[in-house]
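Trainee: Please take one part of this model, the surroundings of the ligand, and go through it closely.

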Amino acid sequence: MSDPQEPRPSAEENQAQDIPEILPVLPLRDTVVFPDTMIPLTIGQERSIKLIDDVLAGDRLLAMVASKDAEVETPGPDLLHPVGTVGLAHKMIKLPDGTMRILVQGLQRVRVAEFVREEPYLMARIEKIEDEARESREVDALRASLLSVFGKIVALVSYLPEELEMAAANVEEPGPLTFLIASTMRIKAEDKQDLLEEDDVEQRMRKLIGILTRELDVLELGSKIQSDVRGEIDKSQREYFLRQQLKAIQQELGETDEQEAEVNELRRKIEELALPEEVGKAARRELDRLTKISPQSAEYPVIRTYLDWIITLPWSESSEDNLDVKHAREILDRDHYDLDKVKDRILEFLAVRKLKDDLHGPILCFVGPPGVGKTSLGHSIAEAMGRKFERISVGGVRDEAEIRGHRRTYVGAMPGIIIRAMRDAGTNNPLFMIDEIDKMGADWRGDPSSAMLEVLDPEQNVSFRDHYMDLPFDLSKVLFITTANQLEPIPGPLRDRMEIINLAGYTLEEKLHIARTYLVPRQIEANGLRPGQVRFQDAAIVEIISNYTREAGVRNVEREIGTICRKIAREVAEADNGSRRRFTVNVKKVHELLGRPRLFSDVKRRTSDPGVATGLAWTPVGGDILFIEASAMPGDGRLTVTGQLGDVMKESAMAAMSYVRTHSPELGLADDYFQTHDIHIHVPAGAIPKDGPSAGVTMATAVCSLVTGTPVSNDVAMTGEVTLTGQVLPIGGLKEKTLAAQRAGISTVILPSRNEPDLEDVPEELRQGMTFVPVERVEQVWEAAMGLRLDERAAHLVEAGDLIEEAGELLEKARRKAAARAAGADTAARPARRPAPKTPAGKARTKRRAPGKAARTPAKGKPARPKATPAKPRGEAKKTTAARGRSGRRK
Ligand SMILES: Nc1ncnc2c1ncn2[C@@H]1O[C@H](COP(=O)(O)OP(=O)(O)OP(=O)(O)O)[C@@H](O)[C@H]1O
Ligand SMILES: [Mg+2]
């Protein structure tokens, strides 16, 4: 019902009116009339029409009071607010539908004291209410703020004319100002009524400011949404204009459309690049095809992508090599401890390169167990030479297309990893590391190693052809370094073209040094600690190396050091003055932070029984010790070999067995021992597949130890292949094996004498702390490992045989004498004392065996044999020894 206010009436008219005590009351629905304002009202109800008629006929004064409930058609006195406004009715228009419109001017706030009449319309006695106004700085401030909020609203709202702001500013009195502003705004009737009832002007101003501020928030939010929407539209319009302009420019340049622009751009790039002739030709040919087909055709993006590859590949960009040998040495030494052979090889390469420019990159192959620094060495070399470093892994790659790409005719074809890596490198002479070259596979999809051959063969890689590119790419400037854990699986032709550099594992001392100088500082930094804030005692590092890790490299050592640093970092972060604290890591702290040691040496325990020998094995992850167990049981001479062994290892078990069998007489075994016994050879840790011939001597020793009942010394480990004639043949991986022996706490290593020159590779400090026993024959192994000497043993056995014979003769003589005497003395009781020459002696021997055996097993197991011999009962025979062997087996 309420409408925007019309211009204010003049002040004189206000004062001119004298307000009577009793006035007709016009109920208002959903609207409030304020003093000093003009408002148009629409009157429809009959009683109201009558009221207006009467008022207009009289002094034109009436009281207007808002109804509490807008829904009620004809509210009674109880439904009307107690405060209203006295107004002066102006013009009246009767409309054709029977309603009438009048213009009323608010004059004075009044309170309805009592209703004096309800029919035909309400009449009431009224009392004037005056504003309570004070002058104060606060009121001034409120006024200013009210005007400012109102000004903002006027600026935002279209239904309020701008002059209103000026009009409001001209109203000095705060009371009338509040009514003027409130009457112009579209605010709720309740709020308006609330303002009308407020006598205190200051309070009223506050209330109005609150209402206006709320209103302003809503308005501002709405306008923000609007301007956002507008922004979107503006942007797309702008783009549209720019495109139009671009089109115009292109037209001006003679480029009719986008496709042509794209082709021109590509052509420009191709001309700018110094492409090899064949490549340039191919690029131009593809470009021509591109101009002839529609951008919508499926072929377009294929050619486009191909051209992009041509443009981005580094056909002729090279980086400048830094050939300063001294500088290279510094970088290599800075990052890696020792590894002198490798470093020397790198420096030699640099030196030759310096003298002769057109040298092809050599293809180096770093072979060694995990964590010995193969990859990180590659990084350092790249840094030293100032080359880009690119690394790919071909482990598990079975598909030739992975290396060489797919032909472009395939959907989604891409170049292979080599070309992709070259693009990433951005130069044609990066240091290119190919990891896990020993783990490439082959299947029906082709053999990736033949593709690899093309990459790595200096004769062929000048023009390496990727299926996708179908253009020769020169890889000859690349410095390839491949890495592998083992050499054997690398296909022969590939191996042939690479220069193998072995990186064996590290000794305890080397690990200690690496940890101290490289790993600890690196981990301290990596965990956000200050340099020098944590100090690792050497004993603590040794504890980590020997009781928490068992590996050839240093990766786990680094990880454990990292764990300790991390835990310390947490302590630092949690303490108040943590960053100022310093820490010393000793053995106790290691136990505290890493928990109880996880690894123990079990060599002593395992070899305490006869029939167990310690071998040394080489595995792709470094050397390891290996317990070989043998046992015998009644049977018919079968040999069982278990423990996931490969064919080679099984065969060498058979060879070892045969050798022991051939020597059963010297070992003092019964002639039929192996016909009446089954032998079982087992290599525990069955989850790990094992193969290779080098466990031959260990198996022969385990069986020999079993059948002779002699335990193998617990600080000895051995390696070597064995032939049927008992020769010990050389083996590989001596350094790794020696390191493994050291890790397991072994002090004597038996090795084939033809491997003796390899001892040079074994680090000096390791050689000093260990005894090496070079051997040529299995018997020498047995002597070194168990103190068993076959020749002596045989001599003793012969001697024993002679003695027995002698004893037999003496016995026979004595018997004969006795018989003669008995015949003389005629004693019938004697015959019972006559022992059957063999059986009783055998029995006696068997019983006496146990102590004899114990005497043969001295703590160190070495010089056992000579001493053992006297301990043997004199009457011992070959058979006796065999029985002894059996008893050993029974264990
Ligand atoms: N001689 C060394 N001096 C200093 N740090 C070394 C040395 N050897 C190895 N390291 C460190 O040991 C960590 C493991 O080395 P790296 O990753 O190069 O092993 P890897 O031989 O490539 O093993 P994998 O065969 O598992 O790939 C690296 O952080 C490296 O810096
Ligand atoms: Mg690596």
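Mentor: An oxygen atom of ligand 1 is 3.0 Å from a side-chain N or O atom of Glu558, a polar contact in the sense of a pair of N or O atoms within 3.5 Å. Another oxygen atom entry concerns Arg522, which has a polar side-chain atom 2.9 Å from an oxygen atom of ligand 1. For Ser376 the backbone is involved: one of its N or O atoms lies 2.9 Å from an oxygen atom of the ligand. On its own, ligand 1 has 630 Å² of accessible area, and the protein covers 86% of that (Shrake-Rupley method, 1.4 Å probe). Helix H13 (374-385), helix H18 (508-526) and helix H20 (555-574) are the elements that each give two or more residues to the shell; helices here are DSSP runs of H or I with at least four residues, numbered from the N terminus.

This is a predicted model, where local features need pLDDT of at least 70 and side-chain atom pairs pLDDT 80 or more, while totals for chains, interfaces and linings use all residues. Residues are numbered from 1 along each chain as written, chains are lettered from A and ligands numbered from 1 in written order, and side-chain values use heavy atoms, without hydrogens and water.

Around ligand 1 there are 19 residues, of which Gly371, Lys374, Thr375, Ser376 and Arg555 come nearest; a residue is near if one of its heavy atoms lies within 4 Å. By class, the shell holds eight nonpolar, six polar and five charged residues, with Asp, Glu, Lys and Arg as charged, Ala, Val, Leu, Ile, Met, Phe, Trp, Tyr, Cys and Pro as nonpolar, and the others, including Gly, as polar.

Note on methods
Polar contact = N/O pair within 3.5 Å; in protein donor to acceptor, adjacent residues only side chain to side chain.
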